[in-house]
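This note concerns the salt bridges of the structure shown below. Please read the points alongside the coordinates.

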Amino acid sequence: GPTRRGSRGAPRNPLTGMSTGLPAPVPATWSESDPQFVPWSGSPDHVSVRYSHGAVAYSHSMIITHGYFYNHPKHKPAWQSDTWRYDIASRTWTKLHSAYREGDVAPSPRYSMSTVLDGDRLLVFGGDDGGHRKSPNNYVFGAFFDELWEFNIPQTTWRLVPRAPGTPWPVKRALHAACILRTHSARGRMHVYGGLGLGDHWAYDLDEDRWYKVDATSSQAATVGNGHKDAFSTGPGTRHALQVATAGDERGFYLFGGGRHGMKGFKPHVFDDLWYFEELAVVGDTLRGKWTRLGEAATAKAATPPMPWPHARSHHTLTPLAPRSGADCGVLLFGGAYCVPGCKCYNDTWAWSPTDSAFHPVQVPSAPTWRYRHSLLQDTASYSTFFLFGGESYRPYMYHNSVQKLQLPGEWLQAMAKAGASRNQTYSGAPLTPVPAGAYVQGVAWGEARLLSATAAGSLSTETRTTSTSAAGPASSGSDAIASSPPTPGAAPWVSSPALWIGLLVLASLCFYQSRSRRGYRKAGPSDDQFEI
């Protein structure tokens, strides 16, 4: 709760304990682990490009499954359903499960699902397939799933989790977020929050194999200002493309950002707020909990002195720092996009520190190409090493299948863990070591899976390649890119102008011709830009 997360005052450098006035920047470096692979569609021994996929960190490797990209050479959508493993030590890919074929016991192609790791099994919930099996060349809005699938990693087999008769079950959804908490049960509960047009909260008990509806309270009273009257009385409210990450002490989880469609006559809203959730008790079919809003850009800028804070965004990643260390060391935020509905992509990195209740900017000599709908996973053999995969970028417009490595200073994380001892007595102050084999760490969101670790398989090699830190392809330097997109219906009073409508019809005709003749629907949404709000 708020008493454990610290109070905003003069921030202190976790390394020195000295007051800094402003959050101390965290030095870090990016390097390339595996370069961009051509062709985009991959090969028998290399994964294809993709975004809005599922990903988890597992035994000094990462598991990638499903996702989407538009295959330009073939002029058609490429829905993904295969499952791959990237070995961090050897920097090689291995296909664990082939693409779905009709009749297979496996989840059909989809993206924007949630993915978490529970021991040796991958749990995949929800998602969106654009209705491609019935309408292969035209996106069908709302073709969501409510299935819960598990993938046994050692056995490389899928199983559809059955529904117990008479028990509650969440509605179909996509662009939601999920993670696991072990507060009150041995294996824990998988928490699922939000989704496109949704603000509900569910928890799947891994011991009981059943869902609980989460009923949470919050003392916040802020409004979002885009036509919604939501006062956040029960938490973050309706939003999609948000991210969640389990705290290192596993007492709760963090939630940052996301977007919300505007009511008629209002623009979409993109959030920049940070929340913290903790479980309280089970009452019947309901799990009681509590939300605390830790901050937002407006309150950070109003502080004395003004505090740095990440820009509002969605489709980003939120990864735990030192998961299961027994100390809450905060979370790591990377990338994402600000779409209203034109999109501006980011490649900045931030570290939230509960020690001083502040976001610390992570400073790097160079960074990968800005992107969103990607995954960033923490290596299970090193708390200070993270791996970036997949996603999509604007200007340069490209999909990614390279693997980029982010190295944080180990002494900084060690100091964060020691500082956490004053808030959480379960941390002994011993050096941070990899989690034991089979241990669970964290969950993901919309299918861009965030860190979930599981086991340690030796120490991470210190060898790094000295090649470009960009995601390959066209030059990736320059300012953040902005891509235009269709206006939201009812977004402004000028929509009643006849001249404007004539111009829009002409433009739409040209765009339709371009789409049908050159690109198809290159992404899975009504258009990529429009769907990213």
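This is a predicted model: local features need pLDDT of at least 70, side-chain atom pairs count only at pLDDT 80 or more; totals for chains, interfaces and linings use all residues.

1. R173 is placed in the loop between β10 (157-160) and β11, while D200 belongs to strand β13 (residues 198-205), so the contact ties together parts that are 27 residues apart in sequence. Both R173 and D200 are buried.

2. A salt bridge also joins the side chains of D205 and R189, at 3.1 Å from N to O. Because D205 sits in strand β13 and R189 in strand β12, this pair ties together parts 16 residues apart in sequence. D205 has a relative accessible area of 1% and is buried; R189, at 6% relative accessibility, is likewise counted as buried.

3. D118 and R187 make a further salt bridge, in which the closest N and O atoms are 2.5 Å apart.

4. D118 counts as buried because its relative accessibility, 7%, falls under the 20% limit. R187 counts as partly exposed, since its value of 31% lies between the 20% and 50% limits.

5. D118 and R187 also belong to one network with R121, E150 and R159, joined by salt bridges that share partners. For the model as a whole, the count comes to 17 salt bridges.

Note on methods:
Residues are numbered from 1 along each chain as its sequence is written. Side-chain values use heavy atoms; hydrogens and water are left out. A salt bridge is a side-chain nitrogen of Lys or Arg within 4 Å of a carboxyl oxygen of Asp or Glu. Buried means under 20% relative accessible area, exposed over 50%, partly exposed in between (1.4 Å probe, protein chains only). Helices (H or I, at least four residues) and strands (E, at least two) are DSSP runs, numbered from the N terminus.
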